Amino acid sequence: MKALTDALAPITGQRENMVDRTTQWANINSGSGHVAGNIEVAKAIAPVFRDLGMAQTEFAAADEISIDDQGKGRKVPRAPGLLFSLRPQTERRIVLAGHLDTVFPPDHPFQNVDRRKNGELHGPGCADMKGGIAVMAEAIRCFEASQYAPDVGINVVLNSDEENGSYASAHAFEQVAKRADVGLIFEPCLPDGSLAGARSGSGHYSFTIRGRAAHAGRSFHEGRNAITAAAKVIAALDSLNGNALGIPIKWAPTGGVCDGNNLAANGVPNVDTLGVRGAFIHSSDEYAVIDSFEERARLAALIMLMLAGGEAPWPDRLSSKGTPSC
């Protein structure tokens with residue numbers, strides 16, 4: 001085990017490099033619906049992974065349909081995603097997943113990164129998850145410097161629609177999962193460093209409800225009130241929710257959804273929330289803890305080293321396909 005922890009030495013002193021990258025990337029608006037912004041941030045991030053020797057490809061977003069106010073379907077534009085690969089012929093493979101997009105559109109007032117004296121990096125996507133991508137790249141760099149790298153293949157998936165459910169990129173996760181043995185997801189962890197031990201998952205539903213006009217006094221029974229029907233549907237859907245948090249010690253259940261759910265759905269066991277410590281994601285108070293960058297990069301790199309070095313059992317692909325987890 002000491003040999004593995006000694007192999008983490010390249011991460012020491014890299015905090016400011018990761019913070020600088022996160023700042024640069026988070027200062028580019030990449031709201032899910034801002035196609036140009038997601039393309040721009042992808043161009044800024046891609047060289048970091050190419051410099052690690054990874055081959056880059058791009059995957060097109062699949063058609064995503066949204067129902068408008070008239071009950072008609074319309075195609076939602078999404079930016080393409082990025083795939084990176086090392087040693088594609090290697091049998092044992094790890095997939096690392098992250099996303100380029102945030103929840104903040106170009107006209108949102110929360111646009112710029114502010115480094116605060118209390119040790120917080122405050123900005124859109126600093127925690128969720130430009131900081132996570134910086135940690136991911138650093139963990140890969142460390143792993144690649146180790147003696148175990150030649151025996152393990154690595155894939156990276158960066159999509160641009162995670163905050164909307166990853167519908168346009170689900171096909172990419174399905175393809176990568178076919179050869180992956182284990183996944184690492186770089187969503188932010190909880191503020192105290194706890195990992196998400198379970199997620200509730202998500203579902204998107206679209207309903208078109210049409211009423212029938214009738215005289216309210218003379219023939220009320222002949223009409224159909226669309227608002228009343230919509231209220232019943234909303235109440236029924238709301239009853240499906242359940243996002244209670246456990247006490248965060250090391251592992252805690254959390255609400256929401258991430259692309260670990262997509263990997264799990266395709267039979268790939270994975271570890272979620274390996275990104276930076278932070279809080280208030282999806283709000284203008286979002287921040288990442290600056291001192292957590294090296295800490296989390298070491299954790300992710302150590303997981304990879306333990307798997308490759310035999311300190312942790314390598315997931316069996318056949319058995320894991322039958323027992324997906326997140």
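Reader: What volume does the largest cavity have?

Author: This is a predicted model. A search of the whole structure finds one cavity of 30 Å³ or more. The largest cavity has a volume of about 30 Å³.

Reader: How do helices H2 and H4 lie to each other: roughly parallel, roughly perpendicular or oblique?

Author: Two packed helices are described by the angle between their axes and the distance between the axes. H2 covers residues 15-26 and H4 covers residues 126-144; their axes are 9 Å apart, at an angle of about 135°. That angle makes H2, relative to H4, oblique.

Reader: Is the crossing of H2 and H4 left-handed or right-handed?

Author: On the H2 side, the contact is made by Met18, Arg21, Thr22, Trp25 and Ala26. On the H4 side, Cys126, Lys130, Gly131 and Ile133 are among the residues in contact. Where H2 passes H4, the crossing is right-handed.

Reader: How many charged residues are in the contact of H2 with H4?

Author: Arg21 of H2 takes part, and so do Lys130 and Glu138 of H4. Arg, Lys and Glu count as charged. Beside eight nonpolar and two polar residues, the number of charged residues is three.

Reader: How do H3 and H4 lie to each other: roughly parallel or roughly antiparallel?

Author: Helix H3 spans residues 35-50. Its axis is 10 Å from that of H4, and the angle is about 15°. Angles under 35 degrees count as roughly parallel. H3 and H4 are therefore roughly parallel.

Reader: How many nonpolar residues are in the contact of H3 with H4?

Author: H3 brings Val41, Ile45, Val48 and Phe49. They meet Lys130, Ile133, Met136, Ala137 and Ile140 in H4. The contact has one charged residue and no polar ones, and its nonpolar residues number eight.

Reader: What phi does threonine 273 have?

Author: Most residues other than glycine have a negative phi. Threonine 273 sits in the loop between strand E12 (270-271) and strand E13 (278-279). Although threonine 273 is not a glycine, its phi is positive, at about 55°.

Methods:
Residues are numbered from 1 along each chain as its sequence is written. This is a predicted model: local features need pLDDT of at least 70, side-chain atom pairs count only at pLDDT 80 or more; totals for chains, interfaces and linings use all residues. Side-chain values use heavy atoms; hydrogens and water are left out. Axes are lines fitted to C-alpha atoms, for helices over the stretch in contact, and angles run from 0 to 180 degrees between N-to-C directions. Helices (H or I, at least four residues) and strands (E, at least two) are DSSP runs, numbered from the N terminus. Angles under 35 degrees count as roughly parallel, over 145 as roughly antiparallel, 65 to 115 as roughly perpendicular and the rest as oblique. A crossing is left-handed if the near helix is turned anticlockwise from the far one by less than a right angle, and right-handed if clockwise. Contact means heavy atoms within 4.5 Å. On a 1 Å grid over the protein atoms alone, a cavity is a set of points where a 1.4 Å probe fits but cannot get out, and a pocket is an open set with protein on both sides within 12 Å along at least five of seven lines; lining residues have an atom within 4 Å of a point. Grid points are joined across faces, edges and corners, and a volume is the space filled by probe spheres set on the points.
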